[in-house]
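Have the viewer open as you read.

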Amino acid sequence: MNAPDAAFAATKAALIVDVWVDLFAASLARSGALGNGLPVVLTDTLRVLPLLESQSPIGWIHTSPRHYQDHVLVTHGQPAPRLRIDAAKHPADASQTLRRASLCLVAVPERDSAAAMAALAAKALQARASLLLFGTPQAGGWGAFDGLVRQGALQPVEAGGARVLASAGLAGALGDAGLHDVERGVALAAQMARARQADIHVERLDQAHLKLRLRIDPVLLVAAGSQTLAHHIVHEGRALFNSRGLGALLLPWGAPCQARLLLRNVRARIDGSQIALGGQSLAPLAVDYTEHGAFLKLELPAVAPGRDALLHLSLPRDAVPNDGFCDIGAAEFTIETA
Amino acid sequence: MLSNADPGVRPAPAMAANGRRRLYVFSPLPPQRNGLADYIVEYLPMLAQDFDLSLVAEVGRCGAAAAYFPGSPFEVLDEAAFLARQPERDAQVLYNVGNNGDCAYMLDHLHRFPGVVVVHDVSLFYMHQVALQMERSNGMFNQWVRDTGYEVPADFVARDGSLGRTPGLLYQECLMVRRIAESARGLMLHSRYAESRFRGGAFDIPLGAENGRPLARIPHFVLPPAPPAWDAYQVLQRFGIDTNDILLLVPGFLTGNKMLYEVLVAFSRACTSHPRLKLLFAGEERADEYAVSERIRQLWPDGDGPKVTGYLDARELDILLGRADLSFVLRYPTYGETSGILPRAVMGGGRVVTVDIGSYPEFESPLIDHVSIGAGLVDQLHASIESLCASMPKASDRAARRQVEAQRAESLSPRALYPRIRALLDAAREVAP
Amino acid sequence: MMDLSTPTTPSTFAPSGLAAPRCLVVTFNRLVPADQGNSRRIMQLVRLYKSQGYEVDLLYHNEEGFDPALSHALAAEFGRVNVVRSRAPKHIQPGHVCRIVDWYDRGLDAAARDMHRLRGYNVVHVNYVWYSPLLEQFASDVVKVLDTHDVFGERRAKYTAAGMKPQWFSTSYADEDVALRRADAALAIQKEEAAELAARGHRNILYLPYVEPALRPFTARGGDRPLTFGYLGSGNDWNILSMAEFLSKMQARGVPFPHPIVVAGGVCRHVRDGTGVIKLGFVQELHTFYDAIDIALNPMVGGTGLKIKTVEPLCYGKPVLTTLPGAQGLTHLWQMPMFDDNAALTDYLFDRFGRTSGSSALEELTVSAATTRQALDAEYDGQVDRLARWLASRV
């Protein structure tokens, strides 16, 4: 492997950690190991953990402001706002949520100042929640957790190119395989599929790598940038674009992956759509027009570390109806952990 | 990261490596026919010199706007591309906001990505209404109004929270600026009147640099006078204006708030004593607001009354302003707007009559007389016509006036005013959290 | 696999700088605008919890519609809102008997559990006895409050006694007793109802009257218009029957009543023309009606639950002439005349106002109305204080 390819592989291996974290946390929740406690995620960017969320509600605590409203599904109900607490604006709320946590997943931030997040993680430990920290090895935020590490509260976990620390109980649960437990992933996917809790297909690539294909209700991923759109999403229960044809979608993973999106109610061709992720403008690999809508196939690059996992789309004006909204009717993501 | 050679990836233009900070500007843009587009265009070259400049167009308008600026030193972005780049810690945003539907898209961004807001119209009620209509969310309007500290009487609110009726007073009283003030990192208004009304509308929001919201009062620019038109005579002939006529002009769209009836009455009194007087309504009629042509027919059944030109392009209007001996720039009610016609009228060299309310008195010129709204308005208008007839200037005087006004206008040129805009952006950056 | 769960934490607050206690309110009523008696009562409780420092969430069991504007309005009022579509079968058995199990929607259980897992409620507050099964989703550390809104045990009997067909929910005493026992506290909106439920052995009943803020003082009117009487009511069966009986009694006197009687609200559709009344129809703002009258009439022949039209005029500074059924729940503090039935009410009207301007009678009634209002406020404050102290002791 040449140097650029090696660098790329190392970056991807680090970014792929959220897939493994999602699989592990979902398996914990599914096994009942979390009991009545809440899984809580500390993060400074907007992201989702769809597999864990299929097993349990999640409390998200943010250490940076967020600018979008996303949603969870309610059994027999309308979508409800996904619970995301701004720790700076609502510190008491964040503390109270952590007190009820049985599991605290910490997405170590890229930037240097992670003191607020480390303080929250310490509260989770005080509340006897199990702690798992994950991120790229070079993330600037690791320094803020040195105190916890020195106290002996956290142990390193085998995680390929990523850096992962876990409290003793979790480290034990992870076992020698560490985070990259292919068998766990395959078994979990089969269980969830049988129980119809998630539409996920996992294929073993080798002893350490998987290929995942996740089909997910796009309402779980749509992110509304305005109040009006958020309330329309809640009312209609669909993953809507706004009336101008602007929409945003959370990506389940930060590593490069492929996506297929079904865009519905489009009134004209959408080849000229603007699609942007971070500072990059994307062109679809293919657009297939069917009776169900337009299938958009995308090769998604990595989400830059420290950025929201948000894909932004704007449709051509003539594709947007005058009397309704376009929506994303289906979403499928495929990723290889290798 | 995937390389550029991989399919499906086109890298965005590189960020500035020259030390200039990034500035995003939200505005209606050409070819949209909107005064705000014309406004921002005048400042773009200077902004592009000082900043790494990106214009953010409303979805669906990016392509046309980009095509309007080929080879320019700035980029034109789609809203999606802007959002995908956020947050950018070191970037600033400038919102060029007016009370029209073309600005509604900015409401989705200016609260989340705070920036400096140029408030062209101190009442943004209509813009908020249109924004909600576009989003099919009329029912949220009552709550939005409440958020600004105003309560619409229940008789005007439908059960679903939408406005069933919108009495004109709401547009005057309910400015809908409070939340914008709260989010803003800086504010710009064009007049003392607009500033005082804005402060009233943002009643509980502390303004000023010491509160993280520097506020600057920067007048709307005045463009230099148009060069003499080669076909001015033909244009004037087309509208029946002879060399000996004393031309009275009402310039611009003939909306219901331009006191058209009062002008007609004043003219009808004056023209009995001064047969050379001619009155021209130089603009497109808005018959649903005031049927001026119909009224003229009633008052001058022989057809020898004032004329209505219909729609004029800017060049034709400047020709008429350059010929008019007296222009009427009247407004009631005013929404605090800054008149673009007023400076163009004085640069035509003729006398101008305007109102003493709102922002109108703040444009100063010795050619301007002010009149008070009220029962005596017709008498005042009549008096100004009589005064004109009693002391008609010579052609040389007129030329001198034009030159004086052109020189005065230089201090209000975009280039002259730009440093104050730059200072506001710098001040906003200084106090940003 | 090791058990990584932590014990369920009792709902306590950490010492300082703490999150507010949380209450989950569950209702099928559309709360914005709160223009019906039950929605106004629910919002009274929401305001009460907030005044005690609670953050209030809402689980809206959508039976009265949902739209983006309502979503927006509810999000402004409540900390967190979940909306569940109603799939309650709502069977009515022969004899008009309703079982709670047929009216409760099990679809609410999962939503309530998930909300509790996320938010950790200290109090769950449900409305109407057929929502009481939801209380079983919460462990003993969560305080359970049931606002009854009415006594629904054998409620059908009240309709049949008035010669009307029973409407809506009516259950057995046994079913209602089971429901009441699920709650730590069951609120009754009328003192008589609280007494009735206590008499059936329930020790967890708290009387909490419905009161709204006073909007107008009790002042003597100016002489700019004739003395005017008024009735405002929706088009429900009790109001229609009551109004019809009252007007027939008035007409039966054979002489016109010398003062205008204004009728407003949905009941107008059911009032015949030429009956000596002025019909306003639907009024958007209540004050336009109450400012136009001097004395409110409440000629109820029966009914159940809160008689909002008895209390509402007192918010607008107007005395109320009511029958006993109309004053039910307030008779212990009522200072104005009460009438056994519409015949007695009619007699009073003609006696006191039939031949005179009625101004002295109006003055007396206004003083009595003010006294009644004071008594109602004092009672409400006292009961709120009891509820607040009880909540504080439990949470």
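Two strands pair if DSSP finds at least two bridges between them; strands themselves (E, at least two residues) and helices (H or I, at least four) are DSSP runs, numbered from the N terminus. Bear in mind that this is a predicted model, where local features need pLDDT of at least 70, side-chain atom pairs count only at pLDDT 80 or more, and totals for chains, interfaces and linings use all residues. Residues are numbered from 1 along each chain as its sequence is written, while chains are lettered from A and ligands numbered from 1 in the order in which they are written.

Start with strand S9 of chain A, residues 163-167. Four of its five residues are buried, so S9(A) is largely enclosed by the rest of the structure. Buried here means 20 or more other C-beta atoms within 10 Å of the residue's own, with C-beta atoms placed from the backbone. Here are the strands it pairs with:

Now over to chain B, which has 16 helices and 14 strands. Its radius of gyration, taken over C-alpha atoms, is 24 Å, close to the 22 Å that the globule rule (2.2 Å times the number of residues to the power 0.38) gives for 433 residues, so chain B is as compact as a globular protein of that length. Buried residues make up 44% of those 433.

Conventions
Buried ≥ 20, exposed ≤ 12 C-beta atoms within 10 Å, placed from the backbone.
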